[in-house]
Amino acid sequence: MQWATIRLFAVHFWRNATAPKSFYLLFFIFILLTAYSAVSGIKNHTTQNNIRQEHQVKARQSWEANPDKHPHRMAHFGTFAFRIHPTLGIFDYGLESFTGSTVFLEAHRQNSVNFSEATFSTGILRFGELSLALLLQLVLPLMLFFIGFSSVAGDKQNGTLKILLSQGATWKETIFGKSIGLFAISLLFFTPILLVVIIALLLFENPIVNDFRWLRLLIIGMSYLVFLFIISAITVVVSASSNAPKNALLRLLGIWLLLVILLPKSAQAMGNYWFPTPSKLAFQSAIEKEVVQKGDSHNPNDPHYNHLRDSVFKVHNVSKVTDLPFNYSGFVMREGEKITAALYRKHQAKLVDIYKNQNNVTRFSSIINPFTAIKLISMTMSGTDFSSYIDFQDKTDDYRYQLAQTMNELQMEYISPKKESGSEGKTHVIGHEHWEDFQDFRHEPMAFANSMKEAFPALLSILFWAIGTMGLLLFISKRAKAI
Amino acid sequence: MMLYKLFLQQCIRSKEVWISLILITLLGIVGIVIGNKHLERQQDSIAEVKTYQEQHFDRQVSLHNDDLGLLLYYTNFAYINNLNPLAGLSIGQSDIHPTVKRITIKTFEAQKYDTDLVNPMNLQSGNLDLSFVIIYLFPLLVIVLTFNAVSEETETGTWRLVAIQSKSKLGFIISKLLVRLILLYTILIFLFFIAKLILNLSLDIDFFWMFGLSILYILFWFTVSFFIISFKKSSGFNALLLLSVWLMLIILLPAGINAYVTSKYPVPEALSAAIAQRDGYHVKWDTDKQATIEKFYRHYPQFKKYGYPTDGFNWLWYYAMQQMGDDDSKKQRDAFNKKITLRENKSNQIASVIPNMHLQLAFNQLAGTSMSQQLEYLNATDAFHEKLRLFFYPKIFEGQLADTVDWKQFVPEYYKTKTTLKPMKVIAPLIIASIVMIVISMPMTKRL
């Protein structure tokens, strides 16, 4: 195998492929699509983040504008958490349109994250959204198929292949050369997209949040390079193993349909079928039931709380709650919040496990489907995947818990023990400066290490695919026939 | 007749055709089974909510019999959007919007948009239901069956014979396509038959609409294919071009339109309404009680007789405050509804020129799983909520005991979606699209 011959094949392939006018048409269309997706991606990113930040400020202002009042009223006044759209979301929308953006955080209650784009849309959103990542995952492979399907089969049909081989070129050189040539063409399409993303990242540079965006982009870029090489090599391999260009094209189109449309959709549908999501009622009443068992602070005769009261009395050597050195109602609510939050988290973790099981079918299918592998890497690294969403949900729940407990502790400390229950009125209140002291929610993106952990199987499978493709290239060079 | 039989034999001779025919039938059946599962899950959660509701009332009455106001703070009532069995064919938006809502008589706006438990990965991947098979995969089958209908004759050298022997070359091509069309229609009929059996569908007008629209849609793709093969280019070229058309119509255009609608019409109104609703209620804890109650009586003058209790905590004042959550966020809510209607109209408008998008929306409309029907259900839930309020408000204000209320009457209530379909509006886009394709292929047919 001589490098010079390989280079010759690669250069020759490049010249041949880029010569016809139709190539320029294809390239032009792709650039137009790139420009369109980039503009709508950037526009969507800025408007969404402006809207969300503006409302985060608005919600905070009305929180801080509260007068002196009973802390439990503030625990119910609550606050909102708005999910920040990640900068790399410009590149890959991921699940962005299907995950809610807003959650109301208050004491005792875990509210759902509402207002996803999909809830505002008609059924047409299910056709997909045009993003830069979609172009790379779905359109570019198809274009490479169109450009490369006749790479070997065409030479075979018109007889040039026989001449080439008889003049001393080897199969290995032919196939590697053409694969590299096609890969080089794919870079022609890939580079503009990469540049757009780099410019967008520079434009929306946010020094406050350290989300490792450049490292993330590096991993995304490298993965796409490997992916495009896999696609280029597969194109040439299929072309070499077909006896006519037409057959090669039909096979490649079949592969595309199977791997891009049918397999991913079936994998997720199977996950959903095998691991059914419980109904919201079943989920909530399971928690409710356990709360009643463990201790229901709303039930005046609850054994758990009666026992708790007795032991508190014993420690402080009193016989009435009003004689305690702190506000007992706040104490009970703190205990109640602790119990319900722990139970909620337990059940929420179980629910997330069900979702993960559903998604695992897709994740494991990336071993046989490089298209799924790159899709998962791309959205995980962009921070628009499932784990980033769950991460947001967990963070808001942590904040919610803190909010409730801080207010309960303020109540224990500052509200007179004589005020047995109720939070109405202007007498048992604390100063409004406490409201400002409690920090606002700030959405921190998911840690880089966690994203890496999440993307690891997909990264591994794309690596295996790269090695496998190399093997396939060698294998086909030995087995291919010139006629 | 003999000719058609031969055409059929010629068509199904190839292995690829057989495989794709079997594959699409299987996928169609899988789609129906998945749709059926979706309906079953809804029925399960309806059964759940029925048993739960009784126990729920019993428990609440036993805990708070002497405090009806507190009881209604906790108690919720189910209102169910009973899915039309056709939703099994076109799941549409019924996977993202809850179909079983349980609401309390507190601020409605705070409960209206609560979502079900959903895995966003499932939503993004979309449902593999029969509508997907019809909209995405049948066109591909049309392409597989027709891309070489003419070119195989030229490529194998039989075209000249045909040209001499048949009365009309156009007639020859059309009858060849007709055989393939009938083959696909047979599969479609078979799938609808299976769907009727599995989903237990009644053969009503909506069912036949769905079937009829599918027939027209497949016809549209035949006219597209006819247009392309009438250029008499090579098989490879035809396959390439037809697939590019498929990619354009089914993937790129809708995806581009979605990106456009999303960035053109963001919905900040939803977030503003959420904050307005929160402030509308909570701020009243600190403002003048008299003013709150007066405002409440302006909305419900019939309750004026309950007076102005402003001393300490009382339920009249409390529910007046809750009412303000709804009343004070009305401006933002109206703006939100207006924006959603605007978005929907825009989407429908654009979709009407793209047959596959149009068909998806028409299917959802027929199955009762469209966005607008979801909004109607939410409005009906609002009315249900209002009914509960008007029933309970006087009882709470009078301080009645909980066991004087007949709780048995509160069984889960059902909402039935209405399908409003303007026949012309639904059919026209598909027929016009087909006619356009035929008209633009006219000049070509003269030069066959």
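## A tour of chains A and B

Start with the place where the two chains meet: 71 residues of chain B are in contact with 80 residues of chain A. Keep in mind that you're looking at a predicted model. The predictor gives this complex an ipTM of 0.91 and a pTM of 0.93.

Now color chain B by pLDDT. Its average is 92, and 100% of its residues score at least 70.

Next, stay on chain B and pick out the pieces that touch chain A. Select α2 (15-63), α5 (120-125), α6 (130-146), α11 (235-264), α12 (268-282), α15 (330-351) and α16 (355-367) of chain B; each one gives two or more residues to that side. Which of them gives the most? That's α11(B), with 16 residues.

Time to hop over to chain A. Select helix α8 (residues 213-240) and helix α13 (residues 370-382) of chain A, whose axes come within 9 Å and cross at roughly 170 degrees. Because of that angle, α8(A) and α13(A) are roughly antiparallel.

Now show the side chains where these two helices meet:

- From α8(A), select Arg216(A), Ile219(A), Ile220(A), Ser223(A), Tyr224(A), Phe227(A) and Ile230(A).
- From α13(A), select Pro370(A), Ile374(A), Ile377(A), Ser378(A), Met381(A) and Ser382(A).

What classes do the residues of this contact divide into? Color them and you'll find nine nonpolar, three polar and one charged.

Key
Residues are numbered from 1 along each chain as its sequence is written. Chains are lettered from A and ligands numbered from 1 in the order in which they are written. Axes are lines fitted to C-alpha atoms, for helices over the stretch in contact, and angles run from 0 to 180 degrees between N-to-C directions. Helices (H or I, at least four residues) and strands (E, at least two) are DSSP runs, numbered from the N terminus. Angles under 35 degrees count as roughly parallel, over 145 as roughly antiparallel, 65 to 115 as roughly perpendicular and the rest as oblique. Two residues are in contact if their C-beta atoms, placed from the backbone, lie within 7 Å. Ala, Val, Leu, Ile, Met, Phe, Trp, Tyr, Cys and Pro count as nonpolar, Asp, Glu, Lys and Arg as charged, and the others, Gly among them, as polar. pLDDT is the predictor's confidence in each residue, from 0 to 100.
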